[in-house]
Amino acid sequence: MQIDVVTIFPDYLAPLELSLAGKARDKGLLDIRVHDLRRWTHDRHRTVDDTPYGGGAGMVMKPEPWGEALDDLELDGATLVVTTPSGEPFTQALARELATRERLVFACGRYEGIDQRVLDEAGTRTEVREISIGDYVLNGGEVAALAITEAVVRLLPGFMGNPESLAEESHEDGLLEYPVYTKPASWRGHDVPPVLLSGDHAAIRAWRHDQAVRRTAERRPDLAHPSVLLDDVEVRLVQPGDAGELFTLQRACWVQEQQDNPGVEIPALHETLEDLRGWIARDTVLVARSAGRLVGAVRADLHERTWEIGRLMVAPDLQGRGLGRVLLQRVEAAAPPEATAYALVTGAGSLRNQKLYKKAGYRLRGEVEPGVVRLTKTVSKR
Ligand code: JD8
């Protein structure tokens, strides 16, 4: 792969010499060239910026130096990567895609950015990708070019000593990394999880997968598709035949609620199987099954213009994997068009539930009865 980087701060790219890109170069896998944009200016002050048309703060990078630079670098067949906060999100999948290219040319802007005509004109000649490395603002494109280069180069065939290790990495399988440990087995009173010292490789794999799933659900629920969280989880409308399992799951799930809310009367723990059959026939009820086992459920019904959500339950041994968030999203999506708000109640002492609902955009509306709080969320226009 050949990489060219055009910038007014070439020294910013010096780390490429040091790091892995340097090794890739030594392996003949990579050829990196850094170019100072001012090489393509012709005035005494080597000017690369001017005031913005339409007014406003800051300066804009002039098109002429960029046009001449990209002409000289002959873009044909290359992918022009313009790093910008308004670009498409950079992801591992995009890194894999860029790693298939023969040549990348990075245009690193500064000031308020590069005159848009440079990109539009280049786009008539070659592939142009405007890419952002994250939802925060940097002062220029160089850091992003460094990050993208590192993420791409390490995927080049022949670069990683052990390519298998790539497959296990974060974002490769939609999961975050599991925690890692090395010697000593005990350090400052903190011990390495015994399973890792067991030599039982199947148990170690299972523990690591479970840790990765839990971390993903906790830290990056946006990454956590149900099928990643639980083996082939299926969410569907309830069927009469689910009643028995659902009744049993409900009893199991509300034990914790009772412990968190001592003295509060909890209907889910007092209703009969017949009561349950009544509401699964009346309400919108979704159930989640994994490997044939009923592992979660939720119900909802319309009262005036409010989609009243309830009985959100996840099997106690599978909580913390994001299934509750997925079920909530799915039952919200099932709301009829006339619904203008979602609402649900939970125990005042059920802080874990309240945290999940607040993360999903619900706001606490106060106690509706002793020990029971209500949360609501406006239906966003569909
Ligand atoms: C390129 C100029 C600075 C940005 C006015 C501050 C990427 N994830 C990212 N955050 N910021 C950048 C980035 C910022 C850049 C340039 C990339 C060129 N700036 C500008 C607009 C607001 N100043 C980035 N990738």
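## Where the ligand sits

A polar backbone atom of Tyr136 lies 2.6 Å from a nitrogen atom of the ligand, one of the polar contacts (pairs of N or O atoms within 3.5 Å) in the table below. This is a predicted model, so to speak of local features takes pLDDT of at least 70 and side-chain atom pairs count only at pLDDT 80 or more, while totals for chains, interfaces and linings use all residues. Residues are numbered from 1 along each chain as its sequence is written, and side-chain values use heavy atoms, with hydrogens and water left out.

| Residue | Atom facing a ligand nitrogen | Distance |
|---|---|---|
| Tyr136 | polar backbone atom | 2.6 Å |
| Ser132 | side-chain N or O | 3.2 Å |
| Thr84 | backbone N or O | 3.3 Å |

On its own the ligand exposes 530 Å², and the protein buries 86% of that (Shrake-Rupley accessible areas, 1.4 Å probe).

Around the ligand there are 18 residues, each with a heavy atom within 4 Å. Thr83, Glu112, Gly134, Tyr136 and Leu138 come nearest. Strand S5 (79-89) and strand S7 (127-132) each supply at least two residues of this shell, with S5 giving the most, three (strands are DSSP runs of E, at least two residues).

The ligand takes up the space of the second largest pocket, which has a volume of about 430 Å³. A pocket here is an open set of points on a 1 Å grid where a 1.4 Å probe fits, with protein on both sides within 12 Å along at least five of seven lines; lining residues have an atom within 4 Å of a point.

How values were computed:
Polar contact = N/O pair within 3.5 Å; in protein donor to acceptor, adjacent residues only side chain to side chain. Sits in = over half its atoms within 2 Å of the grid points. Helix = DSSP H or I, 4+ residues; strand = E, 2+ residues; numbered from the N terminus. Points joined across faces, edges and corners; volume = space filled by probe spheres on them.
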